Amino acid sequence: MKNMNRIIKRLRKAVDGSEKVSVDKLVEQITEIRKHHDVLAITGKPEEHSWRGVYNASKNFFPENLLAIDHRFSKNIYSEKELESICRTIAGSRFERVIFSGYSDCIRVLIQKLHQLKAGVDLLLIYHGSLSQHADNHADAAYLKEVLGLAQQKIIHRIGFVKKGLSETLNKITGIDSHFLINIGNEYDGVKTQTLSGLHVG
């Protein structure tokens with residue numbers, strides 16, 4: 001019974017967002033990263049098996065300047081006021097580039113708000129999905145469509161794809177400027193990755 005109560009309590013916290021990292025803590029992390037880096041990378045925080053691969057790849061790309069945002073199964077759990085505070089901190093820190101690794105509801109809002117604030121920072125995005133997974137996952141397919149739309153509107157300045165062949169295919173179909181990235185390294189090993197085709201992300 002005690003174990004069941006703990007499980008129920010954890011589920012309730014997951015639903016209402018009470019276990020999320022506070023905005024004050026995120027602001028502190030952003031400020032600390034800016035002291036040492038001109039580039040800020042943002043990804044989703046791993047939750048159970050969700051986002052684990054994306055987070056590990058992001059950690060390999062950006063071992064020292066990565067900010068992990070809480071979510072619940074890719075859904076945003078922060079209020080408008082909290083997201084506004086995060087974006088204003090990023091804008092005020094005057095990063096040269098902000099790179100989003102992965103895409104979700106929360107990341108969509110951050111991209112849109114930073115664009116609306118006219119922060120004067122280049123917004124880039126790394127997309128980790130593949131076309132094959134979209135055949136069975138309509139949500140992922142919708143996310144890719146959104147990402148391509150943001151690129152066509154010049155809200156996202158450049159996209160990097162980690163799946164071989166995807167950038168070439170989408171460049172021909174949509175006319176966007178995207179590039180293929182090679183993700184090298186093991187989990188949390190801090191190995192730097194090689195970027196190809198002119199996508200300089202860090």
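Start by selecting S104: at 2% relative accessibility it counts as buried (buried is under 20% relative accessible area, exposed over 50%, partly exposed in between, with a 1.4 Å probe and protein chains only). What you have open is a predicted model, in which local features need pLDDT of at least 70, side-chain atom pairs count only at pLDDT 80 or more, and totals for chains, interfaces and linings use all residues. Residues are numbered from 1 along each chain as its sequence is written, and side-chain values use heavy atoms, with hydrogens and water left out.

Stay on S104 for a moment. This residue sits in the loop between β3 and α5 (helices, H or I of at least four residues, and strands, E of at least two, are DSSP runs numbered from the N terminus). Show what surrounds S104: leaving out residues up to four places away in sequence, it touches W51, S74 and Y143 (a contact means heavy atoms within 4.5 Å).

**Next, select 105-116.** This is helix α5, with 12 residues and a reach of 17 Å from first C-alpha to last, close to the 16 Å expected at 1.5 Å a residue (the expected span is 1.5 Å times one less than the number of residues). Nine of those 12 residues are buried, so α5 is largely enclosed by the rest of the structure. Colour them if you like: D105, C106, I107, R108, V109, L110, I111, K113 and L114. Just after the helix, click on K118, which takes a positive phi of about 50 degrees.

**Zoom in on D105 and R108.** Their side chains meet in a salt bridge, 3.0 Å from N to O (that is, a side-chain nitrogen of Lys or Arg within 4 Å of a carboxyl oxygen of Asp or Glu). The two are three residues apart in α5, so about one helical turn separates them. D105 has 13% relative accessibility and therefore counts as buried. A search of the whole structure finds 10 salt bridges.

**Hop over to helix α2, residues 23-36.** Here E32 and K35 are three residues apart, so they too are separated by about one helical turn. E32 forms a salt bridge with K35, and the closest N and O atoms are 3.3 Å apart. E32 is partly exposed at 39% relative accessible area, while K35 is exposed at 59%. Then pick R34 and D38, whose side chains meet in a salt bridge at 3.2 Å, N to O. R34 counts as partly exposed at 24%, and D38 is partly exposed at 37%.

**From D38, step across to E96.** E96 touches D38, V121 and D122, not counting residues up to four places away in sequence. Look for E96 in the loop between α4 (80-93) and β3 (97-101); at 46% relative accessibility it counts as partly exposed. E96 and D122 are 26 residues apart in sequence, yet their C-alphas are 6.6 Å apart in space.

**Last stop: colour by pLDDT** (the predictor's confidence in each residue, from 0 to 100). The chain mean is 82, and 77% of residues reach 70 or more. Confidence is highest in β3, at a mean of 97, and lowest in strand β7 (residues 194-195), at 44. Select residues 5-18, where pLDDT is below 50 and the stretch has seven contacts beyond near neighbours in sequence. Residues 186-202 are also below 50, with 48 such contacts in the model.
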